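Look at the charged and aromatic side-chain contacts in this model. A short report follows.

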Amino acid sequence: MLELGASVKGLFGGRNPRAVVFDCDGLLMDTEPCWSVAETELFARRGLPFGADEKALVIGKSLPAAADAMAEAFGEPDAGAEIADELLRLVTEVVTAKAEAMPGARELVELTAAAVPVAVASNSPRALLDAALVRGGLSEMFPVKLAADEVTAPKPDPEMYSTACALLNVAPADALAFEDSMTGLRSARAAGVPVIGVPTLTHRNFPADVVIDSLRDEELLSWVRGWPRR
């Protein structure tokens with residue numbers, strides 16, 4: 001692993017990856033505020049506050065895993081499925097109405113897709129992933145889309161990245177992942193995929209191969225522009 005702050009150009013020994021897999025929520029689409037609106041509402045309905053510690057319990061997790069964490073916090077350990085349904089309804093409404101693409105997302109995906117095969121692999125259910133990508137004008141850019149309800153075990157299990165790499169016909173070590181959460185980072189790591197991190201929770205340690213502040217990072221864009229076009 002490269003040290004934090006290392007150059008993106010040091011990845012792959014100076015070569016470019018053979019494929020790229022992007023996370024969606026919090027990475028390509030600014031949906032974390034939408035999730036936070038829905039999560040805050042769920043906590044408020046039970047008379048509970050929702051702050052940074054509560055957010056850390058759920059960020060990056062699949063819907064069932066986030067709902068189970070909420071169920072424990074609510075003292076409702078058997079209500080995970082009902083909470084998941086409630087959360088999905090709320091967040092879909094907010095995403096459909098308000099979610100926006102992250103700064104630089106469309107440009108980066110366009111540059112990347114011109115050079116190598118790309119996929120999006122999300123811990124959201126397919127319906128919510130599709131809604132977010134359509135809202136952000138990103139849907140048509142991805143020939144391969146993989147959602148949490150299309151794998152046996154979502155992130156942090158490696159299955160999502162292993163499956164995405166198989167669909168892209170590339171070895172995990174030759175692919176590159178973009179992730180914003182520890183859950184996604186662990187998934188990519190377990191599958192053997194190098195990771196560029198753009199962490200949502202910037203105050204927390206994020207041990208990706210390279211960490212950048214934004215998809216508009218000039219060194220990142222310069223590197224990608226230098227990849228041979230397909």
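Is E41 buried, partly exposed or exposed? E41 is partly exposed, with a relative accessible area of 34%; buried means under 20%, exposed over 50%, and partly exposed in between (1.4 Å probe, protein chains only).

This is a predicted model, in which local features need pLDDT of at least 70, side-chain atom pairs count only at pLDDT 80 or more, and totals for chains, interfaces and linings use all residues. Residues are numbered from 1 along each chain as its sequence is written, and side-chain values use heavy atoms, without hydrogens and water.

**Salt bridges**

The count is 14 salt bridges (a side-chain nitrogen of Lys or Arg within 4 Å of a carboxyl oxygen of Asp or Glu).

| Pair | Closest N to O |
|---|---|
| E41 and R45 | 2.8 Å |
| R46 and E76 | 3.0 Å |

E41 and R45 sit 4 residues apart in helix α1, about one helical turn. Helices (H or I, at least four residues) and strands (E, at least two) are DSSP runs, numbered from the N terminus. R45 is partly exposed at 46%. D209 is buried at 9% relative accessible area, whereas R189 is partly exposed at 33%.

**Aromatic pairs**

The structure holds 5 aromatic pairs. Ring centres must lie within 6.5 Å (Phe, Tyr and the six-membered ring of Trp); planes under 30 degrees apart are stacked, over 60 edge-to-face, the rest tilted. F22 and F178 are stacked, 5.1 Å centre to centre with 10° between the planes. F22 lies in strand β1 and F178 in strand β4, 156 residues apart. Both F22 and F178 are buried.
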